[in-house]
Amino acid sequence: MESGMISVDRWSRGSQVYFLTHLHADHVRGLTPNWTRGPLYCSRITAKLFPIKFPGFDLSLLRIVEIGHWHSVSLLSPSSGSSTTVYFMAIDAHHCPGAMMYLFRGEFGCTLYTGDFRWESTSERAQNGRTMLLNALKDLQLDMLYLDNTYCNPTYSFPSREVAARQVLSIISSHPNHDIVIAVDTLGKENLLLHISRVLKTKIWVWPERLQIMHLLGFHDIFTTKTSVTRIRAVPRYSFNIETLEGLNTIRPTIGIMPSGLPWAQKSARGKGNFSFTWHTDITTPISTSKTNGGSLTAGSYDKYIYTVPYSDHSCFPELQKFVEFLKPINIKGIVSSSTSYVEPLYHFGHLCRTQQASEFLFQKLRSKGCEKVEVIHAKSPFGDTGTVPLWRKRRIRQFFGTSNHVSRVRLLRRERQGVKIVDRDPD
C-alpha cells in the first residue's frame, strides 16, 4: 500500500483515513480533542468511550466498524491520482473492551494489523477469531503481518487469564483479614475484577473515572466508590507503590496485587535504589520470590505487602508462535519498538513465513551473527533511593559472540508505540 493512504494508531498528518485499535494511552498518543485530520474508524465500544477520553472531540469523525464483516473505503492513489478501493475487516483482539485487529486487502495485497491482542489456546473468543480470520483469508494470501511483539521472547510464557485469576483469588482468600489493593489501568482487566466480585460475592471499589467507564460498559451493580462497603479496591496502576502500601498498613493490614505480564522490580541486595527482575515460576509450589529459570510464570511476592501475578492481556511467546504458524504470512513486522525485551519478530518467526524473501534475508542475517542474548542489567530507580516499586526504565544489552552493543533505554511499564502508516515496502 502506498504511503499517504491509511494510518493505524498513528495520528500525524499525511493519511486519508485513520484506524484506532483501542483506547489505551500508548495507542492514542497524538490524538487530541481538537484532532480533525480525517475519518477515524473504531469499534462501537471505543466510540462509546470516546467522550470520556477526549471531551469535546468531533464525534462526527468516528466511523463504527462492526466485527466480522467486510467494509470498504475509496481512496486516492498519491502516485497516480486514481481511485482505489480498500476492503477491511475488524476482528476481536480480546485485549481490552473495544480492542480490534484490522485485516486490509486491495490492489496492494493483504495486510493484518493486530494491535494489542491476547489469543489463548483455551479461549472461545480466540477460537471464534481464528475461525473468522480463516474464513476471511480463504482465497487470500497474507502478505504482511504487523504483530503485537510486546512479549516476543521465549522468556515469556504465561498461564491463561483464567488460571491467573484463580491465583489472584488464592492470594485474596489467604488474607481474609486484609484490605486488598489491585493495580489496574483506566481500561482493561474488567474480566478479572468481575471474576473476583462474582466468586467472593462482593463489590469492588474503583475511582470515579473508572466507575464511569464501568457504567458505560454495562456494569452497574458491581463497582462502587464507597470504601466502607468492600475490602477490595482497584486502584490506578500509577499510584501503586511500596510507600502507598506502607502508609495503608499503618491504618489497616493491606496487601497489593499487581496483575501484569511484565516482570516486577525487586530491590537488589547490591545496594540502595537498585532493582532486578524476579518471578516465581513453579505453579505447584507456594507463593514466594524466586528467579526465573524458564517455564510458565505464576504468582510471586515482591515483599510482605505486594504480590505479582502474570495476568496478561498480551499474547505470550508460545501464543505468538502458534498465531504466526496459523497465518503463515509472507512477512512480519513488530508494532512495538520499545518492549521489555525487543527482538524483531522475524528473528524468531522468519522461518514460519510462507515464502521467505525479505523475511528470510533478515532472519538469516540475524542468525548469522549468533544467538542473541537480551540481558537485563540493574538500573537505578528514577525516584532516587526511595525504593519505589515501579522500574520505569531499563537498559537492554544485545550480545553477539561476546560483544556488547548498548541499544537504548526504554520504558518498562509504559511502552511507547508509534503505530504505523501502512506502506508497501521491505522492513528496515
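**Exercise 1. Which ring lies under the charged end of Arg-105, 4.5 Å from its centre?**

Step 1. Set the rule. A charge sits over a ring if NZ of Lys or CZ of Arg is within 6 Å of the ring centre and within 35 degrees of the ring normal.
Step 2. Apply it to Arg-105. The ring is that of Tyr-87, with the charged end of Arg-105 over it at 4.5 Å from the centre.
Step 3. Look for a further ring. Arg-105 also lies over the face of Trp-70, 4.3 Å from the ring centre.

Some ground rules apply throughout. This is a predicted model, in which local features need pLDDT of at least 70, side-chain atom pairs count only at pLDDT 80 or more, and totals for chains, interfaces and linings use all residues. Residues are numbered from 1 along each chain as its sequence is written, and side-chain values use heavy atoms, with hydrogens and water left out.

**Exercise 2. Find how many aromatic pairs there are, then classify the pair Phe-88 and Phe-104.**

Step 1. Rings of Phe, Tyr and Trp (its six-membered ring) pair if their centres lie within 6.5 Å; planes under 30 degrees apart are stacked, over 60 edge-to-face, the rest tilted.
Step 2. The count under this rule is 22 aromatic pairs.
Step 3. For Phe-88 and Phe-104, the centres are 6.5 Å apart and the planes stand at 45 degrees, so the pair is tilted.
Step 4. Phe-88 is in strand E6 (residues 83-92) and Phe-104 in strand E7 (residues 100-106), 16 residues apart. Strands here are DSSP runs (E, at least two residues), helices likewise (H or I, at least four), numbered from the N terminus.
Step 5. Check burial (buried: under 20% relative accessible area; exposed: over 50%; partly exposed: in between; 1.4 Å probe, protein chains only). Phe-88 is buried at 2% relative accessibility. Phe-104 is buried at 0%.
Step 6. Take the pair Tyr-102 and Phe-104. Centres 6.1 Å apart and planes at 35 degrees make this pair tilted. Tyr-102 is buried, at 0%.
Step 7. Look elsewhere. Trp-11, Tyr-18, Trp-35, Phe-50, Phe-54 and Phe-57 form a cluster linked by ring pairs.

**Exercise 3. Count the salt bridges and trace where three of them run.**

Step 1. The rule asks for a side-chain nitrogen of Lys or Arg within 4 Å of a carboxyl oxygen of Asp or Glu. The count is 12 salt bridges.
Step 2. Arg-161 and Glu-120 meet at 3.0 Å, N to O. Arg-161 is in helix H3 (residues 161-173); Glu-120 is in the loop between strand E8 (109-113) and helix H2 (124-136), 41 residues apart. Arg-161 and Glu-120 are buried.
Step 3. Arg-237 bridges to Asp-185, with the closest N and O atoms 3.2 Å apart. Arg-237 lies in the loop between strand E13 (232-236) and helix H6 (242-249), and Asp-185 in the loop between strand E10 (179-184) and helix H4 (190-200), so the pair ties parts 52 residues apart in sequence. Asp-185 is partly exposed at 28%.
Step 4. Arg-210 and Glu-190 meet at 2.8 Å, N to O. Arg-210 lies in helix H5 (residues 208-216) and Glu-190 in helix H4, so the pair ties parts 20 residues apart in sequence. Both residues, Arg-210 and Glu-190, are buried.
Step 5. Follow shared partners. Arg-118, Glu-120, Arg-161, Lys-189, Asp-313 and Glu-319 join into one network.

**Exercise 4. How many disulfides does the structure hold?**

Step 1. A disulfide needs a pair of cysteine sulfur atoms within 2.5 Å.
Step 2. The structure holds 0 disulfides.
Step 3. Cys-152 is buried at 1% relative accessibility. Cys-316 is buried too, at 2%.
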